Amino acid sequence: MFTHIPAAPVVPQKGDRVLVAMSGGVDSSVAAALLVEQGCDVVGVTMKLHGDGADVPDRPCCSLDATSDARRVCEKLGIPHYVTNLVDHFGHDVLDDFVQEYARGRTPIPCVRCNTFTKFRDLLDKADAIDARWLATGHYARMGRIGDEAVMLRGLDQGKDQSYFLWGIDRPVLDRLVLPIGTQTKAETRDIARRFGLRTAEKIESQDICFVPDGDHVRVIREHLGADAPALQPGPFRLANGDVVGEHDGFARFTIGQRKGLPGGFGAPMFVVEIIPAERAVVIGPREALLGRGLEARELNWLYDAPAEGSTVQVQVRNRAKPSPATIVRLDATSVELALDEPIQAISPGQSLVIYDGDVVLGGGVIERGLRAAPSRRLPLLVG
Amino acid sequence: MSHSPVYLDHAATTPVRDEVMAAMTPFFGPRFGNPSSVHRWGREARVALDEARERLAACLGAQPDEVCFTSGGTEGDNFAILGVFRTLKAQGRLAAITTPIEHKAVLAAVHHVVHEGGEERIVRVSGDGLVERAHFGELLDDRVAIASVMWVNNEVGVIQDIPALAAQAKAAGAVFHTDGVQAFGKVTVDARTQPFDLLTISGHKIGAPKGIGALYIRRDTPLEPLAHGGSQERGRRPGTENVAFAIGLATAAELVLAEHDAEQARLLSLRAALEGGLRDRIPGVVIHGANAPRAAHVVNVSIPGASSESLLMALDLRGIACSAGSACQSGSVSASHVLSAMGVSNELANAALRLSLGCLSTPECITRTVDVLATLAEKSRGVKSAPAFETVEF
């Protein structure tokens, strides 16, 4: 059923210079170590993205400790290490957007924009500056090749696959991208780290968004927009029929599919099914109301040739979800409409739609809205 | 092609000189005593410390009791500014004056004065980084406790007229401090003829180890200690003295003064070659502070269209060490506050490098650096050239 069987990727040769993005975690440490072992001319670079919580000692990345870990791993591997200050770029491309999306009642994924703009654009400039032919990261995704074209594939470890966050990067970057650990499991990565004696081998995994170390995204919104931002003001909980059933303390605290913090007494569990920023309303409903049979996404980006209208693809609307079969109903340069073969729960505006062909990442977009009913293909206009 | 590494960051730090190492070594081993002890080990250490103080005092034109050993530049600057402010606060002198182009140690100490109920006043500097004397005069009223002006700027090398500024401040009844970390050994420093009250110096800029410095304190300067404890350093800086390092500092200071004329002439000629080479080979290159008196060892240059951070990486990968702006704790670089204060545009400030010369600098270093910078400048102008992969033999 898959169109393409990708071949092995073109990989860096002995002596090629590779810039490795190093967060200070075990994954990127091992990525660097493997490239050093292959005889590449490896340069480690840690991005300083924000000042928030730089002094929180246990933060897995972006803290002083994380930067020191990256530096010490590089020293151990005998390679140079640099820190690049991307605070301004990250603030503009990622942080501001994060806050604005919440203000619009959506649920953004800052990691996607960080990959698109910061890691694979700003950092690529650094690679150019140091004549590095390649850019490597510690993502659990793989590179492959279809004909002469580099393509991105899912990571082999299904539980760790991070391709969902990588759909937005510029297609030409693929020719320079190396993903050394995408063929491994996390356990294998840690084993390799131990074999190299890397201090990051047992380091805990980062789960939170890097600039929200305490998990309190509302604090970040408050700091950027002020406590009087509409998204943080009280508003009504409503049912689909318009009945007001309570008051919430700011729609930015809610996301589609959320159960926590909703009024009770309905017999069945209730979920957030819609956020209407203009009325500061949070609409709640039963589980069935969460089901979507189609969706529209915008801000499309393709890592391989875009599929044709009418073709069947696999899609994911959240990280680590099972891929769902879907049909491309309508596609133009900026937006796509999909019909889902099976309904999906809690399709959230602001999250990513990623479109796969088997393991190949075809591309993706930002979800504009879920559709209760599957969209149908427009009939061609009969002219006559 | 293989090249020797090039160290052009002497304003950041210098290697400990062999003579300094040799002078210090006995005090880590056989002569390890505590100068406060009454026994022979203690006496020996005390005598050695007193001698070191005398020798350093002679280098500064000072009396031995006017020399207080410290841990280095940051401690000296804080001690001077906060020590004077805290003493004179009771007399209604609540303001501290400084320039916007100081080292962070001075800027932060002066700013801290605000948290203790004082007032910070920042004097304007010209495009070449020189203090505007008229404005300095306006700020110097009878509420000023202390004025602090850096003698030789660490980022651009600009030399202020410290004797004149000190006289101006003292005429207004203020205490005058100068951060002389980059000045000592490069310009004439003489407490007998120059009226500064306090002068900070640091060992590791002149071939002594990191972790030793001194504050010159003119007699009768009102100065409260930062730390409280024993009677060491006349109670001004309690804590067991770092005898070995104090001896190292005195030895390095004597050497740097003995070699001053020859070394400054050598550095001036290297600087001329460096600046000349950069001007010839890089269109639009800007050398900051070029029209002001400058110390021989610092060149701050902007390469239009380039980024400091990328240049530092590319230079390091070719074995050339220099610096840019002020490094934060993580090691990332942000644009220099000194260049911004001098009115340099953000774009140029973000394209600046500080190259600082010293004992490890040779004509070959300069030639190599000019060649590499010319290549990198071409690249940042979009002139395509084959990437040069070179090895550096350390």
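Modeller: Happy to. Helices are DSSP runs of H or I with at least four residues, strands are runs of E with at least two, and both are numbered from the N terminus. Please keep in mind that this is a predicted model. By that count, chain A holds six helices and 17 strands. The radius of gyration of chain A is 22 Å, close to the 21 Å that the globule rule gives for 384 residues, so chain A is as compact as a globular protein of that length. Its C-alpha trace spans about 65 × 60 × 35 Å along the principal axes. Of the 384 residues in chain A, 49% count as buried. Taking contacts in chain A between residues at least 6 apart in sequence, 65% of them join residues at least 24 apart.

One is strand β14 of chain A, residues 324-331, which runs antiparallel to β13(A) and is joined to it by four bridges. Within β14(A), A:Ala326 is the residue that stands opposite A:Val313. Another partner is strand β16 of chain A, residues 352-357, which pairs with β13(A) in the antiparallel sense over three bridges. There, A:Gln314 has A:Tyr356 of β16(A) as its bridge partner.

Now follow the chain onward from this strand. The loop between β13 and β14 of chain A contains A:Arg320. This residue is not a glycine, yet its phi is positive, near 65°. A:Arg320 has 11 C-beta neighbours inside 10 Å and therefore counts as exposed, the cut-off being 12 or fewer. B:Arg234 sits in the loop between β9 and α7 (243-258) of chain B. Its phi is also a positive value, near 60°, in a residue other than glycine. With 11 other C-beta atoms within 10 Å, B:Arg234 is exposed.

Back in chain A, strand β12 (residues 291-302) includes A:Leu291. A:Leu291 has 16 C-beta neighbours inside 10 Å, so it counts as partly exposed. Leaving aside residues up to four places away in sequence, A:Leu291 touches A:Pro343 and A:Gln345. From A:Leu291 to A:Val273 the C-alpha separation is 9.2 Å, and the two are 18 residues apart in sequence.

Let us cross over to chain B. Contact between the chains involves 13 residues of chain B and 13 residues of chain A. On the chain B side, α9 and β14 (333-334) are the elements that give two or more residues. α9(B) supplies the largest share, six residues. Sorted by class, that side of chain B has five nonpolar, six polar and two charged residues.

Chain B also has an open sheet of seven strands, in the order β3-β9-β8-β7-β6-β4-β5, with mixed pairing. Its edge strands are β3 (67-70) and β5 (119-122) of chain B, each pairing on one side only. On average, neighbouring strands of the sheet are turned by 20° against each other, direction ignored. Helix α2 of chain B, residues 40-60, packs on this sheet, where it touches β3 and β9 of chain B; the helix direction makes about 110° with that of β3(B). Inside the sheet, β8 (residues 198-202) and β9 (residues 213-217) of chain B run antiparallel and are joined by five bridges. B:Ala214 of β9(B) faces B:Ile201 there, the two standing opposite each other.

A last stop is helix α12 of chain B, residues 363-380. Its 18 residues reach 26 Å from the first C-alpha to the last, close to the 26 Å expected at 1.5 Å a residue. Among the buried residues of α12(B) are B:Ile366, B:Val370, B:Leu373 and B:Lys379. The buried residues of this helix pack against several elements of chain B, including β2 (6-7), α8 (260-281) and β15 (352-356). They also pack against α9 (308-317) of chain B, the helix that gives six residues to the side touching chain A. Just after α12(B), B:Gly382 takes a positive phi of about 90°.

Definitions and conventions: Residues numbered from 1 in each chain as written. Chains lettered and ligands numbered in written order. Predicted model: local features only at pLDDT ≥ 70, side-chain atom pairs only at ≥ 80, totals over all residues. Expected span 1.5 Å × (residues − 1). Buried ≥ 20, exposed ≤ 12 C-beta atoms within 10 Å, placed from the backbone. Contact = placed C-beta atoms within 7 Å. Nonpolar A, V, L, I, M, F, W, Y, C, P; charged D, E, K, R; others polar. Rg over C-alpha atoms; globule rule 2.2 N^0.38 Å. Pairing = 2+ DSSP bridges. Axes fitted to C-alpha atoms, helices over the stretch in contact; angles between N-to-C directions.
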